[in-house]
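Please read it alongside the sequence and the three-dimensional view.

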Amino acid sequence: ILFIISILSIGILKNSYAVNVCTIKGEFSPNNPIPGQEVTIDISATEINDAIAGLGFSLEYDSEKFDIVSATATDLWEISQTETLFTILTKNFEATKNTGKIATIKLKVKENASTSETTVKLTNVEVTTDDGGSVNIGDISETINITTKEGQQENKPSENDAKPTEKPTISTEVDNNKIVRS
């Protein structure tokens, strides 16, 4: 019984240690695009406790609303893509503790996308550590509110809605060859 408890304890410690490898963040901008506009997803690693060598995830989005435009990695990383599956590895396969942006993915809102709320997700985010092990980080998601061009026009105030402003009155007098304004 003690042997089984020891094995379970090691497994529990290993899992809690694995969760603390690093933090992966996704920053989505803008989260209220109009049709034809791009949504940028910046992926970064912070709080790296153990050196990491790679990152993998699936990108989930409504394909009737978005198209993938590009996927690029920063100088220390390389990115590959198979449809919606992304793999990001360090160059020369050397693990790193460098924090910051790793990659950028750009989605374009389709021209015929209607006003709606939709979710874009990085699912099954997994980090590869320097010893070749992998750690499941979880999912990263953002709610995107697509606004139509017409909707943006409706929200802008018209010239008739603006309150007229009074122009200041300037009076000019000539006093001993000087111009005085008040």
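E83 is found in the loop between β5 (77–82) and β6, where strands (E, at least two residues) are DSSP runs numbered from the N terminus. This residue has a positive phi of about 55° although it is not a glycine. The model is predicted, so local features need pLDDT of at least 70 and side-chain atom pairs count only at pLDDT 80 or more, while totals for chains, interfaces and linings use all residues. Residues are numbered from 1 along each chain as its sequence is written, and side-chain values use heavy atoms, with hydrogens and water left out.

**Backbone features**

- At 69% relative accessibility, E83 counts as exposed; the classes are buried for under 20% relative accessible area, exposed for over 50%, and partly exposed in between, with a 1.4 Å probe and protein chains only.
- N124 also has a positive phi, near 50°, and is a residue other than glycine.
- N124 is placed in strand β8 and, at 49% relative accessibility, counts as partly exposed.
- S29 and P30 are joined by a cis peptide bond with omega of about -15°, and P30 lies in the loop between β1 and β2.

**The four-stranded sheet**

- Four strands form an open sheet in the order β1-β2-β7-β4, with antiparallel pairing; two strands pair if DSSP finds at least two bridges between them.
- β1 (23–29) and β4 (66–73) are the edge strands, each pairing on one side only.
- On average, neighbouring strands of this sheet are turned by 20° against each other, direction ignored; the axes are lines fitted to C-alpha atoms, and angles run from 0 to 180 degrees between N-to-C directions.
- Strand β2 (residues 38–46) and strand β7 (residues 100–109) run antiparallel and are joined by eight bridges.
- The bridge partner of V39 in β7 is L107.

**Pairing of β3, β8 and β9**

- β3 and β8 run antiparallel and are joined by seven bridges; L59 stands opposite L122 in β8.
- Over 11 bridges, β8 pairs with β9 in the antiparallel sense, and L122 stands opposite I140 in β9.
- A hairpin is formed by β8 and β9 with four residues between them, and G132 in the turn has a positive phi of about 90°.

**Nonpolar core**

- The largest nonpolar core has 31 residues, of which I24, I41, L55, F57 and L122 touch the most other members; such a core is a set of buried Ala, Val, Leu, Ile, Met, Phe, Trp, Tyr and Cys residues joined through side-chain atoms within 4.5 Å.
- At least two residues of this core are supplied by each of β1, β2, β3 (52–60), β6 (85–90), β7, β8 (116–129) and β9 (134–146).
- β7 gives the most to this core, with five residues.
- Leaving aside neighbours within four places in sequence, L55 is in contact (heavy atoms within 4.5 Å) with residues including I24, I43, F86, I102 and V125.

**Aromatic pair**

- The count comes to one aromatic pair, under a rule by which rings of Phe, Tyr and Trp (its six-membered ring) pair if their centres lie within 6.5 Å; planes under 30 degrees apart count as stacked, over 60 as edge-to-face and the rest as tilted.
- The ring centres of F57 and F86 are 5.4 Å apart and the planes are at 15°, so the pair is stacked.
- F57 lies in strand β3 and F86 in strand β6, so the pair ties together parts that are 29 residues apart in sequence.
- Both F57 and F86 are buried.
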